[in-house]
Amino acid sequence: MANNTVAGNQQQGQAVNKIGPNPGKHGNNLPLWGNEKTMNLNPMVLTNVLSSPYFKVQLYELKTYHEVVDEIYFKVTHVEPWEKGSRKTAGQTGMCGGVRGVGTGGIVSTAFCLLYKLFTLKMTRKQVMGLITHNDSPYIRALGFMYIRYTQPPADLVDWYDGFLDDEEVCPHGCPLCSR
């Protein structure tokens with residue numbers, strides 16, 4: 001396990017120890033866990049991302065990590081998979097009832113399009129660290145943690161998340177991230 005000290009959220013003035021699992025022989029390269037084409041996304045979410053005009057047109061133009069981070073900063077307002085009000089959930093129950101899950105499609109969110117765009121860039125450990133320690137937007141950090149969750153080996157998740165579990169950052173709505 002790495003004992004690197006990385007400056008965490010400078011607004012809180014705290015240092016975060018042991019960020020991510022030991023890079024070992026991989027160095028700055030990240031191993032990919034699971035499906036190398038789907039990023040382990042739900043098939044309906046992935047289908048909607050790949051067919052989204054936003055993903056196919058606007059995000060196609062973005063070629064660098066920094067361009068995508070800027071896009072997250074300016075465009076992401078939530079990290080749910082579907083845009084609010086775009087799913088038809090009337091009369092459905094259980095996982096298809098509109099609370100969780102992806103039983104019915106809708107308009108896929110900007111956040112999930114950008115999450116998959118980050119995946120297509122094949123980010124390095126340093127770039128992922130840049131996302132999860134970013135000070136300008138909780139949504140940049142959230143997409144960094146989501147990227148880790150979808151792409152990294154389950155056994156490594158605690159090592160990635162450990163230094164952030166007691167994060168007290170408040171979301172833009174004024175509530176702990178995000179319990180509205």
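**Figure 1. Packing of helix H1 against helix H4 in the predicted model.** In this predicted model, the axes of H1 and H4 lie 10 Å apart and pack at an angle of about 85 degrees. That angle falls in the range of 65 to 115 degrees, which makes H1 roughly perpendicular to H4. On the H1 side the residues involved are Val45, Leu46, Val49 and Leu50, and these meet Phe112, Cys113 and Tyr116 in H4.

Figure 2. The buried residues shown in H1 are Val45, Leu46, Asn48 and Val49. Around the helix axis they cover an arc of only 165 degrees, and they are therefore placed on the same side of H1. The buried residues of H1 pack against both H2 and H4, whereas the face turned away from this buried side carries the exposed residues Pro43 and Thr47. At the N-terminal end, H1 is capped by Asn42, a side-chain oxygen of which lies 2.7 Å from the backbone nitrogen of Met44.

Figure 3. Helix H2 spans residues 53–61, and its buried residues are Tyr54, Phe55 and Leu59. When the helix is seen down its axis, these buried residues fall within an arc of 85 degrees, so they line one face of H2. Their packing partners are three helices, namely H1 (43–51), H3 (65–75) and H4 (110–120). The face of H2 turned away from the buried side carries Pro53, Val57, Tyr60 and Glu61, which are exposed. At the start of the helix, a side-chain oxygen of Ser52 comes to within 3.1 Å of the backbone nitrogen of Tyr54, a residue that also belongs to the buried set of H2.

**Figure 4. The crossing of helices H4 and H6.** The axes of these two helices come within 10 Å of each other and cross at roughly 60 degrees, and H4 and H6 are therefore oblique to each other. The contact involves Ala111, Phe112, Leu114, Leu115, Leu118 and Phe119 on the H4 side, and Leu143, Met146, Tyr147, Tyr150 and Thr151 on the H6 side. In terms of handedness, H4 passes H6 in a right-handed crossing. Phe112, listed here among the H4 residues in contact with H6, is also one of the H4 residues that meet H1.

Figure 5. Phe145 lies in H6, which comprises residues 138–151. Its relative accessible area is 17%, a value under the 20% cut-off, and Phe145 is therefore buried. Leaving aside residues up to four places away in sequence, Phe145 touches Ile132, Tyr161 and Phe164. Leu157, for its part, is twelve residues from Phe145 in sequence, and the C-alpha atoms of the two residues are 9.5 Å apart in space.

**Figure 6. The overall setting of the close-up views.** The secondary structure of the protein comes to seven helices and two strands, and along the sequence these elements follow the pattern β-β-α-α-α-α-α-α-α. Of its 180 residues, 41% count as buried. Among the contacts in the protein with a separation of 6 or more, residues 24 or more positions apart account for 68%.

Methods. Residues numbered from 1 in each chain as written. Predicted model: local features only at pLDDT ≥ 70, side-chain atom pairs only at ≥ 80, totals over all residues. Heavy atoms only, no water. Buried < 20%, exposed > 50% of the residue type's maximum accessible area, 1.4 Å probe, protein only. Helix = DSSP H or I, 4+ residues; strand = E, 2+ residues; numbered from the N terminus. Arc of directions from axis to C-beta. Contact = heavy atoms within 4.5 Å. Polar contact = N/O pair within 3.5 Å; in protein donor to acceptor, adjacent residues only side chain to side chain. Axes fitted to C-alpha atoms, helices over the stretch in contact; angles between N-to-C directions. Parallel < 35°, antiparallel > 145°, perpendicular 65-115°, else oblique. Left-handed = near helix turned anticlockwise from the far one by under 90°.
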